[in-house]
Amino acid sequence: MVYQYIERTAIPAWGPQQSEPLLAAGTVAGAMDATFSNTSSLELFRLSASEDTAALEAVGKATASARFQRLAWSGKVESGSLGVLAGGLENGDITVWDPAKILSGEDEAAVLHSSAAHTGAVGGLEFNPFQANLMASGAGNGEVFIWDIVSEFKSYSPGARSQRIENVTDLSWNNQVQHILATASDTGALVVWDLRSRREVIALNGPG
């Protein structure tokens, strides 16, 4: 029986390739490791078919400007690629890395884009399951942005800011209709957006 593990307090994300499984791990916000370090890193691990029981060692590593709230790995943006890795950080930054360059040891060159578009910690981050180039992010003050990673990382709002949500705690793309996005808030409200018409279409409210 294969038993492998990673000794990290981290947020994980699986890579898109199936033949050679890769797992990304970003240092999680709000946690302290055994060395009491306050640094933040993004590490890649390769899962092997070995029957050995052992702790996996990172095969690639990059630094981050803050610790991770969310971590997302896109599907293949172009043929043969490993997609891109996006981190939603506790300081509101969105940073996007090229995992292929992390694997080759090009730490500084691996950063494709970094933005301080959000004013609060990033609470939601996810790539569209139909269009790997589209990414949604959400944070404090009801901020929700849609990013196009192949068009110079341009971002736009899915519509006028909703009065029902404050701090975005999570978000998710619809798995059947590619232009529908749902965002959850710490107010207990969940807002569904139609990106085709650029507006809020449904709001659900719960007790906190």
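1. Asn141 is partly exposed, with a relative accessible area of 44%. The residue belongs to the loop that runs between β12 (134-138) and β13 (144-148). The model under discussion is a predicted one. In this model Asn141 has a positive phi of about 60°, although it is not a glycine. Most residues other than glycine have a negative phi.

2. Glu152 counts as exposed, because its relative accessibility of 68% is over the 50% limit.

3. The overall architecture is as follows. The protein chain contains one helix and 18 strands. Its C-alpha trace spans about 50 × 40 × 35 Å along the principal axes. The radius of gyration is 18 Å, which agrees with the value near 17 Å that a compact globule of 208 residues would have.

4. Of the 208 residues, 46% count as buried. Among contacts with a separation of 6 or more, 46% are between residues 24 or more positions apart. The protein chain exposes about 10,700 Å², and carbon and sulfur atoms supply 48% of that area.

5. How many salt bridges does a search of the whole structure find? The search finds two. Side chains of opposite charge can pair when their charged atoms come close. One of the two salt bridges joins Glu43 and Arg8, with the closest N and O atoms 2.6 Å apart. This pair links distant parts of the chain, since Glu43 is in strand β4 and Arg8 is in the loop between β1 (3-5) and β2 (10-14), 35 residues apart. Is Glu43 buried or exposed? Glu43 counts as buried, because its relative accessibility is 7% and the limit for burial is under 20%. Arg8, by contrast, is partly exposed, at a relative accessible area of 39%.

6. The other salt bridge is formed by Glu200 and Arg164, whose closest N and O atoms are 2.5 Å apart. Here too the pair links distant parts of the chain: Glu200 lies in strand β18 and Arg164 in the loop between β14 and β15 (168-173), 36 residues apart. Glu200 is partly exposed, with a relative accessible area of 23%. Arg164 is partly exposed as well, with a value of 42%.

7. Ser162 has contacts with both members of the Glu200 and Arg164 pair. The side chain of Ser162 makes a polar contact of 3.0 Å with the side chain of Glu200. A polar atom of the Ser162 side chain also lies 3.1 Å from the backbone nitrogen of Arg164. Ser162 is located in the loop between β14 and β15. With neighbours within four places in sequence left aside, Ser162 is in contact with Val191, Trp193 and Glu200. Ser162 counts as buried, because its relative accessibility of 2% is under 20%.

8. Phe45 deserves a separate point. It is placed in strand β4 (residues 41-46). Phe45 is buried, with a relative accessible area of 0%. Which residues does Phe45 touch, not counting those up to four places away in sequence? They are Ile6, Arg8, Pro21, Leu22, Leu23, Ala25, Leu56, Glu57, Ala58 and Val59. Pro21 is 24 residues from Phe45 along the chain, and the C-alpha atoms of the two are separated by 8.6 Å.

9. The last point concerns a nonpolar patch on the surface. Leu190, Val201, Ile202 and Leu204 form this patch, and together they have about 310 Å² of accessible area. Which strand gives the most to the nonpolar patch? Strand β18 (residues 199-205) does, with three residues. Leu204 lies in that strand. Leu204 is partly exposed, at a relative accessible area of 49%. Glu200, a member of the salt bridge with Arg164, is likewise in strand β18.

Terms used
Residues are numbered from 1 along each chain as its sequence is written. This is a predicted model: local features need pLDDT of at least 70, side-chain atom pairs count only at pLDDT 80 or more; totals for chains, interfaces and linings use all residues. Side-chain values use heavy atoms; hydrogens and water are left out. Patches are made of residues with over 30% relative accessible area and no salt bridge: like charges are joined within 9 Å, nonpolar side chains (Val, Leu, Ile, Met, Phe, Trp, Tyr) within 5 Å. Accessible areas come from the Shrake-Rupley method with a 1.4 Å probe; for residues, only the protein chains shown count as cover. A salt bridge is a side-chain nitrogen of Lys or Arg within 4 Å of a carboxyl oxygen of Asp or Glu. Helices (H or I, at least four residues) and strands (E, at least two) are DSSP runs, numbered from the N terminus. Buried means under 20% relative accessible area, exposed over 50%, partly exposed in between (1.4 Å probe, protein chains only). Contact means heavy atoms within 4.5 Å. The radius of gyration is taken over C-alpha atoms; the globule rule is 2.2 Å times the number of residues to the power 0.38. A polar contact is a pair of N or O atoms within 3.5 Å; within protein, one must be able to donate a hydrogen and the other to accept it, and residues adjacent in sequence count only if both atoms are side-chain atoms.
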